[in-house]
Amino acid sequence: EKTAPRTAIKIKFVSVVEDSRCPEGVNCIWAGVARVKIQVRKNGKPAKEFELKTNQTDKSIIFEGHEIKLAALTPHPKAGSKINAASYRATLTIARLPK
């Protein structure tokens with residue numbers, strides 16, 4: 001769990017729900033998508049769970065006047081190898097929305 005800088009928002013990367021992204025070096029008809037689950041909370045209130053995707057739809061959520069966006073999910077799949085769940089790293093961005 002990390003606290004977003006200059007906010008009281010705490011974000012926890014829970015898991016990768018789906019990773020159907022096209023492996024590196026493979027020609028795919030569809031680029032695929034990865035879905036991650038995060039927990040977000042502020043000021044000790046109960047956490048809320050959200051899913052974010054790597055494609056253009058559902059890539060960000062709005063929470064407490066901030067946009068939280070999935071910027072990247074690594075590592076990228078490689079043909080013939082499975083990714084260990086503990087190896088995944090999600091890069092999130094957070095920005096305060098204009099009032």
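Mentor: Start with burial: a residue is buried under 20% relative accessible area, exposed over 50% and partly exposed in between (1.4 Å probe, protein chains only). This is a predicted model, where local features need pLDDT of at least 70, side-chain atom pairs count only at pLDDT 80 or more, and totals for chains, interfaces and linings use all residues. Residues are numbered from 1 along each chain as its sequence is written, and side-chain values use heavy atoms, with hydrogens and water left out.

Trainee: Is Phe63 buried or exposed?

Mentor: Phe63 is buried, at a relative accessible area of 7%. Across the 99 residues of the chain, 22% count as buried.

Trainee: How many helices and strands does the chain have?

Mentor: Helices (H or I, at least four residues) and strands (E, at least two) are DSSP runs, numbered from the N terminus. Here there are zero helices and seven strands. The C-alpha atoms fill a box of roughly 45 × 25 × 20 Å along the principal axes.

Trainee: Which strands does strand 2 pair with?

Mentor: Strands of a sheet pair through backbone hydrogen bonds, either parallel or antiparallel. The rule for pairing is at least two DSSP bridges between two strands. Strand 1 (residues 2-3) is joined to strand 2 (residues 9-19) by two bridges, antiparallel. Thr3 stands opposite Lys10 there. These two strands form a hairpin with five residues between them, and Arg6 in the turn has a positive phi of about 60 degrees. On to strand 3 (residues 34-42): nine bridges join it to strand 2, again antiparallel. Glu18 has Arg35 of strand 3 as its bridge partner.

Trainee: What is the order of the open sheet of three strands?

Mentor: The order is 5-6-7, with antiparallel pairing. Strand 5 (60-63) and strand 7 (89-96) are the edges, each pairing on one side only. Neighbouring strands of this sheet are turned by 25 degrees against each other on average, direction ignored. For such angles, axes are lines fitted to C-alpha atoms, and values run from 0 to 180 degrees between N-to-C directions.

Trainee: How many aromatic pairs does the rule count?

Mentor: Rings of Phe, Tyr and Trp (its six-membered ring) pair with centres within 6.5 Å; planes under 30 degrees apart are stacked, over 60 edge-to-face, the rest tilted. The count is one pair. Phe50 and Phe63 have ring centres 6.2 Å apart and planes at 75 degrees, so the pair is edge-to-face. Phe50 lies in strand 4 (residues 48-53) and Phe63 in strand 5, 13 residues apart.
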